[in-house]
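Subject: Structure handover

Hello,

Here is the structure you were waiting for. Please open it alongside this note.

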Amino acid sequence: MSESALVPPSTMVLVSGGSRGLGLAIVTDLLDAGLTVAAFARTVTPELEKLAAEHPDRVHVGAVDVTDLSAAQGFVRAVEARFGPIDGLVNNAAVGQDSMHTHTATADIARIVETNLTAPLQLTRLVIRRMLGQGRRGRVVNVTSICAQRGFPGLVAYSATKGGMDAATRSLARELGGRMLVNAVAPGFFASEMSAVLGSTQLDQIVRRTPTGHLTEPAEVVPVVRMLLREHTNINGQVIVVDGAASI
Amino acid sequence: MNELSRAQIRDLMAQVVQHQGRVLPDDDSADLREIGFRSLDFSELALRVEDATGEELNFDAPGLRRIATVGDVLDFLAELQRQ
């Protein structure tokens, strides 16, 4: 295989939902690896502000609701004007769910779908249009969830959106014909954040069923995201589960 | 909104339990696990209250996890109607 056929490692990565939890951990890890990172979230937390202050020449942050496409477009333009073309995208922004489908308000279902499925599809379209238009290659990593593959009560709409992103990952990888690598990382339940949707009894059950004996930590997911953005692996159109084998 | 009283909700709860061949205890402190009243039974009861009032009752799961007794069920649904 010729070197020119390879998709080069990403150097300028956009991370949605980068202000806390896994998103913040991804931003921190990519900065530690020497990359330039643009991150947005509905609210820019002090932690993200601190990273921006520590790396003023390599970080661009902004308060953007991922469902606001025009704001996302403005953010991308501002990033490219400052740092040059984006060649990596991490779709991490998402909202959780904690309600039985029967008793979830229709407006809440619409909001979950818009935030977790429609918005990342739109953001991906926006970013890859710019990559393709500039004749560039790039990489996309979608943060999905084990919920896309296994059933959990109280997470019906959320699971549907994550399953949708897993499916989009495969189709997009095909569609982009190797000019871009598109993959997904599907963490198991974290001890914090989204795991608030499960009761302690359910979490205890998951831990007991997990051969590694613990819930997934963000620090265990970020190396996988970094690998998909940086390494030459020929992994494309895949969903990599990071859950200690709880789901097998 | 046609709000149901606590007693009316209790009647509906008794119907749900009776439909499964059991009897709802008179004591509000009765443990739901002992009478086999599970989350889907709660869901069925909430939908019966919806039918009676004509209003959707939507709620998140954490509130449900605190429900342990018959009285908790009645209190939760009575309060939910007022929100």
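Below is what turned up in it, chain by chain.

This is a predicted model: local features need pLDDT of at least 70, side-chain atom pairs count only at pLDDT 80 or more, and totals for chains, interfaces and linings use all residues. Residues are numbered from 1 along each chain as its sequence is written, while chains are lettered from A and ligands numbered from 1 in the order in which they are written.

Chain A

Chain A has seven helices and seven strands. Helices (H or I, at least four residues) and strands (E, at least two) are DSSP runs, numbered from the N terminus. Along the sequence the pattern reads β-α-β-α-β-α-β-α-β-α-β-α-α-β. The radius of gyration of chain A (taken over C-alpha atoms) is 17 Å, close to the 18 Å from the globule rule for 248 residues, so chain A is as compact as a globular protein of that length. That rule is 2.2 Å times the number of residues to the power 0.38. Of the 248 residues, 44% are buried, meaning that 20 or more other C-beta atoms, placed from the backbone, lie within 10 Å of the residue's own.

The sheet

Seven strands of chain A form an open, parallel sheet in the order E3-E2-E1-E4-E5-E6-E7. Two strands pair if DSSP finds at least two bridges between them. E3 (59-63) and E7 (239-242) of chain A are the edges; each has a single partner strand, so one side of each has no neighbour in the sheet. E4 (88-91) and E5 (138-143) of chain A pair over four bridges. There, A:Asn91 stands opposite A:Asn142.

Two helices of chain A pack on this sheet. H4 (106-133) touches E1, E4, E5 and E6 of chain A, and its direction makes about 180 degrees with that of E4(A). H5 (156-175) touches E5, E6 and E7 of chain A, at about 160 degrees to E6(A). Angles run from 0 to 180 degrees between N-to-C directions, with axes fitted to C-alpha atoms, for helices over the stretch in contact.

Chain B and the interface

UniProt (unreviewed entry) lists residues 3-81 of chain B as "domain: Carrier". Such annotations may be inferred rather than shown by experiment. The span is 58% helix and 0% strand.

Which elements of chain B give two or more residues to the side that touches chain A? 10 residues of chain B are in contact with nine of chain A (C-beta atoms, placed from the backbone, within 7 Å). Helices H2 (39-53) and H3 (61-65) of chain B are those elements.

Best wishes

Conventions:
Buried ≥ 20, exposed ≤ 12 C-beta atoms within 10 Å, placed from the backbone.
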